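Here's a quick briefing for anyone opening this structure for the first time.

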Amino acid sequence: NRAWGTTAYDPDHDELLLWGGGHVAYVGNCALHYSLRSNQFYIGHRPEQGLMYAHGQGGMKITTSYRSRAFMTGHAYHSYAYDQPSGKLIVCGQTLAENTVKASLYFAYDPAATEWGPGPISTPFIAHYGFDRLYSTPKGVLAWASEALWKPDPAGLKWDKLPLSGVKLPGPGHEAHGMVYDSKRDRLLMFAAGSKGDVVAYDMKSGQASSLSPEGKGTSKGINCRELVYLPEFDSVLIASRVPDAEGKMRWPLYDCEKNAWKAVLLSGAEPTGKDYSVSLGLIYDAKRKLLWAADHVANISALRLDLKTADIRPMEQPAAAPGNK
């Protein structure tokens, strides 16, 4: 049960990586691998369990096990991502109340060796699993934390702060904010439930953050947008949260980058989000197969081949109430 987390995509080994298990769910220290080639799950070592019970806020204090492996609360939200330059899964996002050394820390997991690296390693920002956001980009993992942007250097065991000017980054929330890399324009796009439908763009070259004020932004406020992906062939961002249209049909929010406009798409088949949103769903884009993959907390895997040229898409029609945790 990998509840209250996301999933990461390891393109080097063609796998999904699942970490986590908050709210009295999984409390071991194994990352769960899912092979997209064999349709099988596996783990790399016998999981080490905690010496304490796992209380409702996530459980274990951050430390290392007797075998020097990482050990920490399974609460993950979106505080981990795969760093392709180093080949490591960067797992960040413990609170000061839930570690033994009272410092902000992160660990690095090697999927090829199925082992945790030495650690924990300090972070220069105040880490919090519910508010930190780590996302994979072609340039490596980027973290949105403490109202700033950071890039981990696993080899140097340090973090580099990215230059930032312009508008202030949106405020955080456990399920409320998310970030994607727009490969066409070499920028980050930031979404937040409290931004009233606005989108903030961060230019990777200049370090300038600006408000895009998209068309229909008033109709897209309050959307939980932790899980989202950029679709390069359609130049759009799909968000794993559903909102009702004027007819009561539940649609997935879609941000059209070219037109700078909010839209909504109707998807058929098994619905991985539940009623409107899932706190335990991970969503990734597989460029190799041009597929969307979703993994939930009990290891159900879903796949979607999306064609926005033929899909039922319409402009966002009405203000969306913030989805509840399902």
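**Salt bridges**

K249 and E247 come together through their side chains in a salt bridge, with 3.7 Å from N to O. Keep in mind as you read that this is a predicted model.

- K249 has a relative accessible area of 39%, so it counts as partly exposed.
- E247 is exposed, because its relative accessibility is 54% and the exposed class starts over 50%.
- Through shared partners, salt bridges tie D245, E247, K249, R251, D312, R314 and E317 into one network.

*Two other pairs*

- D256 makes a salt bridge with K263, and their closest N and O atoms are 3.0 Å apart.
- Is D256 buried or exposed? D256 is buried: its relative accessible area is 10%, and buried means under 20%.
- K184 and E258 also meet in a salt bridge through their side chains, at 3.5 Å from N to O.
- That pair links distant parts of the chain, as K184 and E258 are 74 residues apart.
- K184 sits in the loop between strand 17 (177–182) and strand 18 (187–192), while E258 sits in the loop between strand 24 (250–256) and strand 25 (261–266).
- Both K184 and E258 are exposed.

**An open sheet**

- Strands of a sheet pair through backbone hydrogen bonds, either parallel or antiparallel.
- Here, 3 strands make up an open sheet, ordered 26-27-28, and their pairing is antiparallel.
- Strand 26 (282–286) and strand 28 (301–304) are the edge strands, each pairing on one side only.
- From one strand to the next, the twist averages 20°.
- Strand 26 pairs with strand 27 (residues 291–295) over 5 bridges.
- Which residue of strand 27 is the bridge partner of I284? The partner is W293.

**The largest nonpolar core**

- In soluble globular proteins, nonpolar side chains tend to be buried together.
- The largest nonpolar core in this model contains 32 residues.
- L149, L188, L189, M190, F191, V237 and Y255 have the most contacts inside this core.
- Among the elements giving two or more residues to the core are strand 13 (142–145), strand 19 (200–203), strand 21 (228–231) and strand 22 (236–239).
- Strand 18 supplies the largest share, with 4 residues.
- Beyond its neighbours within four places in sequence, L188 is in contact with residues including T137, L142, L149, M179, Y181, V200 and Y202.

Definitions and conventions. Residues are numbered from 1 along each chain as its sequence is written. This is a predicted model: local features need pLDDT of at least 70, side-chain atom pairs count only at pLDDT 80 or more; totals for chains, interfaces and linings use all residues. Side-chain values use heavy atoms; hydrogens and water are left out. Two strands pair if DSSP finds at least two bridges between them. Axes are lines fitted to C-alpha atoms, for helices over the stretch in contact, and angles run from 0 to 180 degrees between N-to-C directions. A salt bridge is a side-chain nitrogen of Lys or Arg within 4 Å of a carboxyl oxygen of Asp or Glu. Buried means under 20% relative accessible area, exposed over 50%, partly exposed in between (1.4 Å probe, protein chains only). A nonpolar core is a set of buried Ala, Val, Leu, Ile, Met, Phe, Trp, Tyr and Cys residues joined through side-chain atoms within 4.5 Å. Contact means heavy atoms within 4.5 Å.
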